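Please consult the sequence and the structure shown here.

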Amino acid sequence: MRSTGDDAAVGGRCAVHMPRTARSVTDLPRLGRFPAVQPGQPAIERLSPTSDLLGFRGPTACAAAGITYRQLDYWARTGLLEPSVRTAYPSTSQRLYSFRDILLLKIVKRLLDAGVSLQNIRVAVAHLQTADQADLAGMTLMCDGATVYECTTPQQVVDLLKGGQGVFGIAVGAVWQELELTLGRLHAERTDTGETLVGHDPADELAQRRNRAV
């Protein structure tokens with residue numbers, strides 16, 4: 001699939017500027033720290049990006065998956081991969097993607113880059129959506145450019161490679177770990193309260209310390 005542009009910018013924090021008398025404190029947008037502390041839990045127990053209590057908006061999903069917003073929108077509208085947390089209907093709402101949704105977005109992107117047809121990708125996505133979360137972490141997807149194979153043991157990978165055709169593999173567990181680190185630095189939204197949670201990027205904190213030192 002060719003990208004049509006419209007990359008969405010995601011990232012840094014922004015300040016909200018308004019007259020002090022314009023709104024009461026309760027009307028201001030709420031910003032939390034991410035990962036956030038769950039209600040009633042000790043402060044040391046924080047939400048992971050994989051938590052069901054967290055969702056990620058479209059621009060964040062694009063940044064984490066390495067795709068354009070037009071790709072994201074097209075895949076949602078055509079039913080290839082719709083957000084499981086919140087769709088864009090009614091039109092006033094914003095799509096909200098789960099960690100698992102974005103994991104599949106990254107896999108779709110890699111399959112497309114390898115030349116796999118959308119028809120085969122749809123089959124692969126449908127299968128991955130029904131797989132248990134624990135099974136995903138140990139799964140390897142092998143592809144010969146036309147067909148996607150699921151391998152759950154090293155022997156299955158070896159047997160496929162013995163076929164002689166050129167194949168490449170996607171270790172879903174490795175993609176999972178990479179995505180977890182990436183989303184930990186980006187904004188999220190609590191699915192129960194709607195609160196915006198600000199990601200923690202160690203690089204930003206280091207830059208702030210250097211600026212203070214100067």
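How many helices and strands does the protein chain have? The protein chain has eight helices and eight strands; these elements are DSSP runs numbered from the N terminus (helices H or I, at least four residues; strands E, at least two). The model is predicted, so local features need pLDDT of at least 70 and side-chain atom pairs count only at pLDDT 80 or more, while totals for chains, interfaces and linings use all residues. Residues are numbered from 1 along each chain as its sequence is written, and side-chain values use heavy atoms, with hydrogens and water left out.

Of the 214 residues of the protein chain, 34% count as buried (under 20% relative accessible area, with exposed over 50% and partly exposed in between; 1.4 Å probe, protein chains only).

**Helix α3**

Helix α3 covers residues 99–113 and has 15 residues. The distance from its first C-alpha to its last is 21 Å, close to the 21 Å expected at 1.5 Å a residue (1.5 Å times one less than the number of residues). Twelve of the 15 residues of α3 are buried, including F99, R100, D101 and L112. After α3 comes G115, whose phi is positive, near 90°.

**The sheet**

Strands β5, β4 and β6 form an open sheet in the order β5-β4-β6, with antiparallel pairing (two strands pair if DSSP finds at least two bridges between them). The edge strands, β5 (148–151) and β6 (168–171), each pair on one side only. Between β4 (residues 140–143) and β5 there are four bridges, and T140 has C151 in β5 as its bridge partner.

**Packing of the helices**

α3 lies across β4, β5 and β6, and helix α6 (residues 154–161) packs on the sheet, touching β4 and β5. α3 also packs with helix α7 (residues 172–183), their axes being 10 Å apart. The angles are listed below; axes are lines fitted to C-alpha atoms, for helices over the stretch in contact, and angles run from 0 to 180 degrees between N-to-C directions.

| Pair | Angle |
|---|---|
| α3 and β6 | about 170° |
| α6 and β5 | about 145° |
| α3 and α7 | about 120° |

α3 and α7 are therefore oblique to each other (angles under 35 degrees count as roughly parallel, over 145 as roughly antiparallel, 65 to 115 as roughly perpendicular and the rest as oblique).

Methods
Contact = heavy atoms within 4.5 Å.
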